[in-house]
Amino acid sequence: MSNISKKDLRNSIILGLSSTDTKVVINSINQLREEGKPKDILLLLDVMLSKSETEIQSAIHNFLADLKNQESAQIIIDAIQNQKYVSIRKHLISTCWESSISFSNHISTFVDVLIESDFETSFEAFTVIENLTDKISEESKPIEMAKLKDAIPSVTADKKGMLHEAIHIIEKL
């Protein structure tokens, strides 16, 4: 495929994502599965913010959960930390434990979300921590465990157990 036709295809996909026709949007999401690059994740997150149709939300969630390119991890983490995406943060975090990408290097983000967020979002962050399979750095273990211990007195009762359990999980990583 020539560069011109790749550019035309990309423009067509971007145009399709902004369509008012759900089928066209879904088709564009599916085309991104084949032709997209990690940086295109931000296009999809913006669609998540602008389109409330369940079918579109589900297609994007499934797309994110199916990511396999490790380069995508930093893009997802940046979005989780970005206030622009706060309304979809819980969904972003759930894709982290559903995907095969390693987020072990980003444990600090999930500890912070666990401490600072509402119960449902905290639960998703806890699930990411619980599902980490790669070792985390020995330097970060005591830092993250201390953050959790320090937060226990100030979090709601329904989150205290998660923080205690997260400490034990991190200790074993």
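This report describes the nonpolar core and the salt bridges of the structure above. The model is a predicted one.

The largest nonpolar core comprises 55 residues, and those with the most contacts inside it are Leu64 and Phe110. Beyond its neighbours within four places in sequence, Phe110 is in contact with Ile77, Ile80, Ile93, Cys96, Phe103, Ala125, Val128 and Ile129.

Charged side chains also pair with one another. Across the whole structure, seven salt bridges are found. The table presents examples.

| Salt bridge | N to O distance |
|---|---|
| Lys84 and Asp46 | 3.0 Å |
| Lys90 and Glu120 | 2.7 Å |
| Glu144 and Lys147 | 2.9 Å |

The salt bridge between Lys84 and Asp46 links distant parts of the chain, with the partners 38 residues apart. Lys84 lies in the loop between helix H5 (72-81) and helix H6 (89-98), whereas Asp46 belongs to helix H3 (residues 41-50). Lys84 is partly exposed, at 46% relative accessibility, and Asp46 is partly exposed at 29%.

The salt bridge between Lys90 and Glu120 also links distant parts of the chain: Lys90 is in helix H6 and Glu120 is in helix H8 (residues 119-131), 30 residues apart. Lys90 has a relative accessibility of 28% and counts as partly exposed; Glu120, at 48%, counts as partly exposed.

Glu144 and Lys147 both lie in helix H9 (residues 140-151); because they are three residues apart, about one helical turn separates them. Glu144 is buried, at 4% relative accessibility, while Lys147 is partly exposed at 25%. Through salt bridges that share partners, Asp112, Glu144 and Lys147 are joined into one network.

Definitions and conventions
Residues are numbered from 1 along each chain as its sequence is written. This is a predicted model: local features need pLDDT of at least 70, side-chain atom pairs count only at pLDDT 80 or more; totals for chains, interfaces and linings use all residues. Side-chain values use heavy atoms; hydrogens and water are left out. A nonpolar core is a set of buried Ala, Val, Leu, Ile, Met, Phe, Trp, Tyr and Cys residues joined through side-chain atoms within 4.5 Å. Buried means under 20% relative accessible area, exposed over 50%, partly exposed in between (1.4 Å probe, protein chains only). Contact means heavy atoms within 4.5 Å. A salt bridge is a side-chain nitrogen of Lys or Arg within 4 Å of a carboxyl oxygen of Asp or Glu. Helices (H or I, at least four residues) and strands (E, at least two) are DSSP runs, numbered from the N terminus.
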